[in-house]
Amino acid sequence: QKTKNKLKNPFLKVEDRRRRYRPFYLQLSSFPVVNYSNPKPYSPFETERKNIIAHKQIENKQRNPANNDKGKGPVQLPAKHKKRKGYCECCLKKYDDLQIHVESEQHQNFAQSSHYQVVDDIISKFSCNFVELSTPKIKRRKCSV
Amino acid sequence: MKYDHSKKLSGASTDIEQLYQAVPQLANVFRIKGKIGEGTFSSVYLAIAQLRGGHEEKVALKHLIPTSHPVRIAAELQCLIIAGGQDNVMGVRYCFRKNDHVVIVMPYLEHESFLDILNSLSFEEVRDYMFNLLKALKRIHYFGIVHRDVKPSNFLYNRQMKRYALVDFGLAQGTPDTKIELLKVIQSEAQQESCAWNKPQITLGSQVSVTARAPRQLVRQPAARTANKRPCSLSQTQIKQGQKRKEGPESLHVQRSVFGERNFNVRSSASQDNSTVKLIKQPRVTDIAARKILAKKKTTSAVTNGLVKKAASSYPTNVTCDCYAKDRVCSVCLSRRQQVAPRAGTPGFRAPEVLTKFPNQTTAIDMWSAGIIFLSLLSGRYPFYKASDDLTALAQIMTIRGSRETIQAAKTFGKSILCSKDIPAQDLRMLCERLRGSKTSFDISTGDGQINLSQEPALQAEIFNISDPALQTSKKHLQYQKPSCHERDGLVIRTSEKPADLGWDKVPDEAYDLLDKLLDLNPATRITAKDALLHPFFKNIKQ
Ligand SMILES: [Zn+2]
C-alpha cells in the first residue's frame, strides 16, 4: 500500500536520475528573492531585519571594549567545562561530551597506541630552529619532542 | 583553521593552560599569547617563539581536536609540507605531539577581517586578491588536493603587506591521482560507504558549533554553525584506493561480507531514523507531506524495513514508483536509502554538485567557492548566500543563476531537479552593481532599469517590489553603515558616494566574465585555477 503525497508550492526536489536513492526536497513558505534593499554588507537573502538590527547592537557593545582591552594581559576567566558532542574518528564512536570521551579507556588506549606512528614519521623529518626559552640555568638548545 | 582577528586575545587563559598541560613541550619553546580562533576540529593560538640567532617570531599554533584520526592529521601535515610554503599556501614550521594531542606550528600572518574591509577595497585590490587566491588554488590543485572549505576566513589577507595565505587542510580530500599519498587513504564517504555505516549521519558540526567567528558573526550567520562536517570517514579497515566500488545495492552486498550483518542492520535502521530527524528538524520548512508520510510509515515500518533490506541485499534495482520528476513523493521512493556524498564545508560556499549530493566531486568545488568570494567582493555583500540548509542554498543559487540553467547543468552530473518556479538568470553586472550600490544601480528609473524591466520578467517583479526601498537605500545606507564601519566610516562612505575613487565606476566586462566562469553550474566546464589566472581579467597584473 503506497502512500502518496503531493508537494506543496513552492518546492524544490532533487533526485538521482537513476532513481536509486531517496529524493530530497524542500517546501518553502516563499521562494528566495534578491532583496536589494538590505543594507550593505548584508546578504541579499537575509530575510530577518531583526537580525540586522540585533547584530548591530551586539557589534557595537562588543567591539569597543575589545579595542580598549588590547595590550592588557589575558583576563582570567573561570574554567568552563564545555560539553561538546561529536564523533571520534579514532574510536569510531559518537560521543556526547568530548572531555569524557577522550578520558575514556577506549580512547586512551588509542591515544597511547602506535597508530600515531604515521604522524611521528612526518615529525621526525622536520628540523626545528626554535630555541628553548631561556630559564636562568639551562642553556638554549635544540627543542626536543 | 579559523583565525579570528577581531576576537580579542583574552578570556582564553584556561584554554592556554590546558594546551600547555596537554602538550608540555610547548612551554619550553613558546609563549602562548592567546586563542585566535576556534573551529569544530581545531583551535588556533598566537604564540611567540625564540629563533636561533636571537630574534622572535610570531607563530600560529593549531591544536587539533584529539578525536582526529592520526592518518587525517598526517594528511593535513603532508598537504602543508608538500603544497604549502609558497604561492600563497600556508606552510608549516614544526609539529608537536603528545599522545592524541597534536599541535601544528605555522608562520603567523596578521590579517584583516573580510567583513571589515569588504566595502573599502579598491577594485584593483579586489583584482589582486582574486589573482592571489587563484594562485593558491592552482598550487593545491596541482597536487590533487580538494580543499573543500575555501572561504574568506580560510584565506588570510594582509592588506598592507599584500600578503595572502590559504589555510586549513583539515577538510581536504584527494583527487583520484593526488600527489599527497595520505589523502589517498582518506576516502570520501561516497567511496567508502562502509564507514558511514558506523558513522552516524548526524552532522558533527550541527552540535559542535563553529565559534571561529567573532560573536557578531555568530549572530549574523547562524547557518555557519552547521558548517563543518568532516568529508570522509576513516576506518581501521582501510580499503585500498583503486578498488573504487560501484555504488548501489550490489556493492552494499559486498560491504556486508566485510563489515558483517550486524553493522549492516544497525545502519539500515539508523539511516531511517536519521532521515526522520533531518526532515523534522529542518527549520522554516513546511514539510507536512513528509510528516504525514512518516507518521504513516511508523505503522508500516516492518514493510518498509523489509523493502530496504531486500533491495539492498539482492535486487539489482529498487522497487520503482512513478514520482520521479513529479511534484510528489511516496512511501516507496522515500524508503530508498539516502545517497552518500561529501558535503563538508560551509553552506553558502558549497557548489551545486555538493548541494545535490553528487558523489564524485573534484577540485571544481573549490573554484565555485572562489566564485562566491568574488561575488562578495563585486557586490559588497558578505556572506552572499544566507541559507541554513543545502536546498535553501540551492534555491538561492537558482535565484542568481537561473532555474533552467541549474536544472540543465545538474542533468550532466546525474541529478534531476524539479523546481516549482521558473526563475531567470540574473545579469551578473547588474546584480553586483545594484547590490554594491554604485551609481547605475540606484538609477532604476532610467536607462539600465528600463532595459532590465523589458528583458527579465522575474526581475521586473522584484523591481516593483523594492522600488520604494531601493530609492531610499542611499539614506538607509548611511544609517546602517555608520555603526558597522566605525574606524573606517569616512572611507566607506566616500566609497559609496564616489565609487570613482576606488575604480568601481569602471569595472571591466572581464570581471563579470570571469565570475560567470567561476560560477559555472556545470563542474565539468567550470574554469580551472590555472585557466582563470590566464583570464583577460588579470592582464597586466603586477605579480
Ligand atoms: Zn575516541
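Guide: Between domain 1 of chain B and domain 2 of chain B, 7 residue pairs are in polar contact, both residues of each pair having pLDDT 80 or more; that score belongs here since this is a predicted model. On the domain 1 side that touches domain 2, helix α3 (residues 70-82) of chain B gives the most, with 5 residues. Sorted by class, that side of domain 1 has 7 nonpolar, 3 polar and 4 charged residues.

Look for the side chains of Asp168(B) and Lys62(B), which meet in a salt bridge with N to O at 3.0 Å. As a reminder, side chains of opposite charge can pair when their charged atoms come close.

Now step back to see which stretches are involved. The domain assignment of chain B gives domain 1 as 21-108, and domain 2 as 114-176 + 341-439 + 506-538. Taken over C-alpha atoms, the centres of these two domains of chain B are separated by 29 Å. In terms of contact, 14 residues of domain 1 meet 17 residues of domain 2. Together the two domains bury about 1,300 Å² between them, and 62% of that is on carbon and sulfur atoms. Asp87(B), Asn88(B) and Met90(B) are the ones to click on here: they supply 39% of the area that domain 1 buries against domain 2, more than any other three residues.

Begin with Arg31(B), which forms a salt bridge with Glu56(B), their closest N and O atoms being 2.4 Å apart. Arg31(B) sits in strand β1 (residues 30-38) of chain B and Glu56(B) in strand β3 (residues 56-64) of chain B, so this pair ties together parts that are 25 residues apart in sequence. Arg31(B) is partly exposed, at 34% relative accessibility, and Glu56(B) is also partly exposed, at 46%.

Next, turn to Asp516(B), which forms a salt bridge with Arg401(B); here the closest N and O atoms are 2.7 Å apart. Asp516(B) lies in helix α23 (residues 509-518) of chain B while Arg401(B) lies in helix α16 (residues 390-401) of chain B, so the pair ties together parts that are 115 residues apart in sequence. At 35% relative accessibility Asp516(B) counts as partly exposed, whereas Arg401(B), at 10%, counts as buried. Salt bridges that share partners also join Asp15(B), Lys35(B) and Glu38(B) into one network.

Asn154(B) is buried, with a relative accessible area of 0%. Its side chain reaches the backbone oxygen of Asp149(B) at 2.8 Å.

Finally, here is the setting for all of this. Chain B has 24 helices and 13 strands, and buried residues make up 63% of its 543 residues. Of the contacts in chain B with a separation of 6 or more, 69% come from residues 24 or more positions apart.

Notes. Residues numbered from 1 in each chain as written. Chains lettered and ligands numbered in written order. Predicted model: local features only at pLDDT ≥ 70, side-chain atom pairs only at ≥ 80, totals over all residues. Heavy atoms only, no water. Domains from an automatic or database assignment. Contact = heavy atoms within 4.5 Å. Buried area = accessible area lost by both parts, 1.4 Å probe. Salt bridge = Lys/Arg side-chain N within 4 Å of Asp/Glu carboxyl O. Polar contact = N/O pair within 3.5 Å; in protein donor to acceptor, adjacent residues only side chain to side chain. Helix = DSSP H or I, 4+ residues; strand = E, 2+ residues; numbered from the N terminus. Nonpolar A, V, L, I, M, F, W, Y, C, P; charged D, E, K, R; others polar. Buried < 20%, exposed > 50% of the residue type's maximum accessible area, 1.4 Å probe, protein only.
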